[in-house]
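Have the structure open while you read.

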Amino acid sequence: MGAGDTITTQPRPGAETAAVGAGLDALDSAPAGPARAPLGRILRTRVLPPLVAVAVVLLLWQAAYAAELKPDYLLPSPADVGRALSDQWYEGTLFSTVWTSMERGALGFAAAVLLGTALGLLLGAVRPVRVAIGPVLSGLQSLPSVAWVPAAVVWFGLTDATIYAVVLLGAVPSIANGLLAGVDQVPPLYLRAGRVLGATGTARVRHILLPAALPGYLAGLKQGWAFSWRSLMAAELIASSPELGLGLGQLLENARSYQDMALVLATIGEILVVGVAVDLLVFAPLERRVLRSRGLAGARP
């Protein structure tokens, strides 16, 4: 063999297969997700900014009160609102009022999830039904839920059925449209692979369609909860009756009728706290879990 000759080596039989297997083993042994952030960093990046924002709002509020931009019976101070909350606490009505509205909201939202999911799957599976109902559903989503309250009162009277009807009419379109958007983004390859593997009917929906459409579906659920909560407050504000019990909406209307602005602002704060708490304790962890399962854990702070 001359000096200028090149030596060509043939790979050993099975070497490529072994290399691929080693690569797959390395992927399997890789960490499932990013390391958990230190507690100090979590407090600095997630807890401190909202606290600072709340402090700034309270300072501006106190400054407006001190400057007497409005009479104190129209613009109470933060301390006055705090006293209204403490009065509710000592009267034993604070948690009972919040619980009444949260129970209604949870039951109405659960029913809306069932109906909205079924409707979204129906629209995604049957094209003529989607063409016929899809635009109506989008129109219902943009319709203010308070517009349904007078009709619901006429249909059901001052009963819980009125409140739940308004909640359903406000939330179902958002959930159905969210699921439909997720279904539209499912790659056709997933559906064909499922068909080859024998996934049909409910198995296809459970194991392929819903998991693949989960990001859009979760966004629809989150928006559906927001519509449920707002619809509930609108229904409680208008359909107010002693037989219905005292929820946050009824309390807000009672405070308005008594010209008690401190209680009005305190009740608005309670409604806001419930909405934020549900988002942080329920939907935010679900979103992080979905992102992490798709390798997008770093996509959001």
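A crossing counts as left-handed if the near helix is turned anticlockwise from the far one by less than a right angle, and as right-handed if clockwise. By that rule, helix 11 and helix 12 cross in a left-handed way. This is a predicted model, where local features need pLDDT of at least 70 and side-chain atom pairs count only at pLDDT 80 or more, while totals for chains, interfaces and linings use all residues. Residues are numbered from 1 along each chain as its sequence is written, and side-chain values use heavy atoms, with hydrogens and water left out.

**The overall picture**

The chain has twelve helices and zero strands; helices (H or I, at least four residues) and strands (E, at least two) are DSSP runs, numbered from the N terminus. Of the 301 residues in the chain, 31% are buried, where buried means under 20% relative accessible area, exposed over 50% and partly exposed in between (1.4 Å probe, protein chains only). Take the contacts (heavy atoms within 4.5 Å) between residues at least 6 apart in sequence: 70% of them join residues at least 24 apart.

Two packed helices are described by the angle between their axes and the distance between the axes. Axes here are lines fitted to C-alpha atoms, for helices over the stretch in contact, and angles run from 0 to 180 degrees between N-to-C directions.

| Pair | Axis distance | Angle |
|---|---|---|
| helix 11 and helix 12 | within 8 Å | roughly 160° |
| helix 4 and helix 12 | 12 Å | about 50° |
| helix 4 and helix 10 | within 9 Å | roughly 135° |

Angles under 35 degrees count as roughly parallel, over 145 as roughly antiparallel, 65 to 115 as roughly perpendicular and the rest as oblique. Helix 11 and helix 12 are therefore roughly antiparallel. Leu248, Leu251, Leu252, Ala255 and Arg256 of helix 11 meet a set in helix 12 that includes Leu263, Val264 and Ile268.

Helix 4 passes helix 12 in a right-handed crossing. Leu94, Val98, Met102 and Phe109 of helix 4 make the contact with Glu270, Val274 and Phe283 of helix 12. The class count there is six nonpolar, no polar and one charged.

Helix 4 also crosses helix 10, and that crossing is right-handed. Among the residues in contact are Met102 and Phe109 of helix 4, plus Leu221 and Trp229 of helix 10. This contact has ten nonpolar, five polar and two charged residues.

**The core**

A nonpolar core is a set of buried Ala, Val, Leu, Ile, Met, Phe, Trp, Tyr and Cys residues joined through side-chain atoms within 4.5 Å. The largest one has 38 residues, and Phe109, Ile175, Leu221, Trp229 and Phe283 touch the most other members. Helix 4, helix 6, helix 7, helix 10, helix 11 and helix 12 each give two or more residues to this core. Leaving aside residues up to four places away in sequence, Trp229 touches Ser101, Met102, Leu248, Ile271, Val274 and Gly275.

**Two other spots**

Ser145 sits in the loop between helix 5 and helix 6 and is buried, at 13% relative accessible area. Ala193 belongs to helix 8 and is partly exposed, at 36%.

Terms used
Ala, Val, Leu, Ile, Met, Phe, Trp, Tyr, Cys and Pro count as nonpolar, Asp, Glu, Lys and Arg as charged, and the others, Gly among them, as polar.
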